Amino acid sequence: MDNGNEITSRHCRFLNEGYFHKLYEAFIAAFSDYVIPFALTETQFRNHINLNAVDLERTMGYFEGDRLIGFSLNGFGEWNSRPTVYDAGTGVLPDFRRQGVSERMFETMIPKFISEGIEQWLLEVIATNSAAIKLYEKLGFSSVRELVLLQFDTKIIASGKMPGNIVIHDIDVPDWELLTTFWDGNTSWQNSVAAVERSRHMKRILGAYLNGKCVGYIVFSSKFGRVAQLAVHKHHRGQGIGKALMVAMQAETDAGFSVQIINLDKSITGAMSFFRKLGFYETLGQYEMSMQM
């Protein structure tokens, strides 16, 4: 093919629901050689879109002719009280990388989102992915904090003492105003209260109650052992409540799945110490990056 024709056949445009299957196929192809391959089913991909508040009509596609060779999944919401776009996955098919595809998509998206009142862009990038980090820094992103994925592969053993009158049961209607007072820091976008509410059909929330009052809770993905949130009231720590919640969660996890703590802020030293004492180890580090617009 003539190089000029090849270049002119490439173009960006925003997508819509009608591109879902083509977008799914491109997502699988783009992340097939990623540090952690995303082998999602179509249903899991749909869940990923819903969890992250992705708007397909404001998701960008990069085409060569009719072939989707690059994309940027964009979620929208409030972050730190500011209108925010969240990058839920920017990918380029392997044969088309290092050809300016991502830059072209961002150059097209940025002015549109600014005109819509978006004030910042948020994303996460694997700490060892130096090429992606360099690209995002070139676009104007800077690192905000380091997030880690922790994992535990065996059975968490209940041990030590815990108040005998602690009762653990499901929370059907969470009182987020109360529960967030247990926090020592902020969650990532995909573990936020808004994300939990968007994915409630996939989540379990267990609370630890002392004399009828909630003093700790855990949010996790049913069956898969993925913890989104875990927190204990500051006056009730060191009593085995957090560990009891983890044991109760693991009892709901299907065999063959390791327990994972997804995107924990590494600077929350109390939480990091708690999980390390349980035997969790770090499997992945990411930088949360943002760009003010």
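Trainee: How many salt bridges does a search of the whole structure find?

Mentor: This is a predicted model, in which local features need pLDDT of at least 70 and side-chain atom pairs count only at pLDDT 80 or more, while totals for chains, interfaces and linings use all residues. Residues are numbered from 1 along each chain as its sequence is written, and side-chain values use heavy atoms, with hydrogens and water left out. A salt bridge is a side-chain nitrogen of Lys or Arg within 4 Å of a carboxyl oxygen of Asp or Glu. By that criterion, the number of salt bridges found over the whole structure is 15.

Trainee: R82 forms a salt bridge with E119; how many residues apart in sequence are the parts that the pair ties together?

Mentor: The closest N and O atoms of R82 and E119 are 2.9 Å apart. Helices (H or I, at least four residues) and strands (E, at least two) are DSSP runs, numbered from the N terminus. R82 lies in strand β4 (residues 82-92) and E119 in the loop between α4 (101-115) and β5 (120-126), so the parts tied together are separated in sequence by 37 residues.

Trainee: Is R82 buried, partly exposed or exposed?

Mentor: Buried means under 20% relative accessible area, exposed over 50%, and partly exposed in between (1.4 Å probe, protein chains only). The relative accessibility of R82 is 27%, so R82 counts as partly exposed.

Trainee: Which residues touch the most other members of the largest nonpolar core?

Mentor: A nonpolar core is a set of buried Ala, Val, Leu, Ile, Met, Phe, Trp, Tyr and Cys residues joined through side-chain atoms within 4.5 Å. The largest such core has 48 residues, and those touching the most other members are W121, Y136 and F141.

Trainee: Beyond neighbours within four places in sequence, which residues are in contact with Y136?

Mentor: Contact means heavy atoms within 4.5 Å. With those sequence neighbours left aside, the residues in contact with Y136 are D87, T90, F106, L123, V125, F141 and M289.
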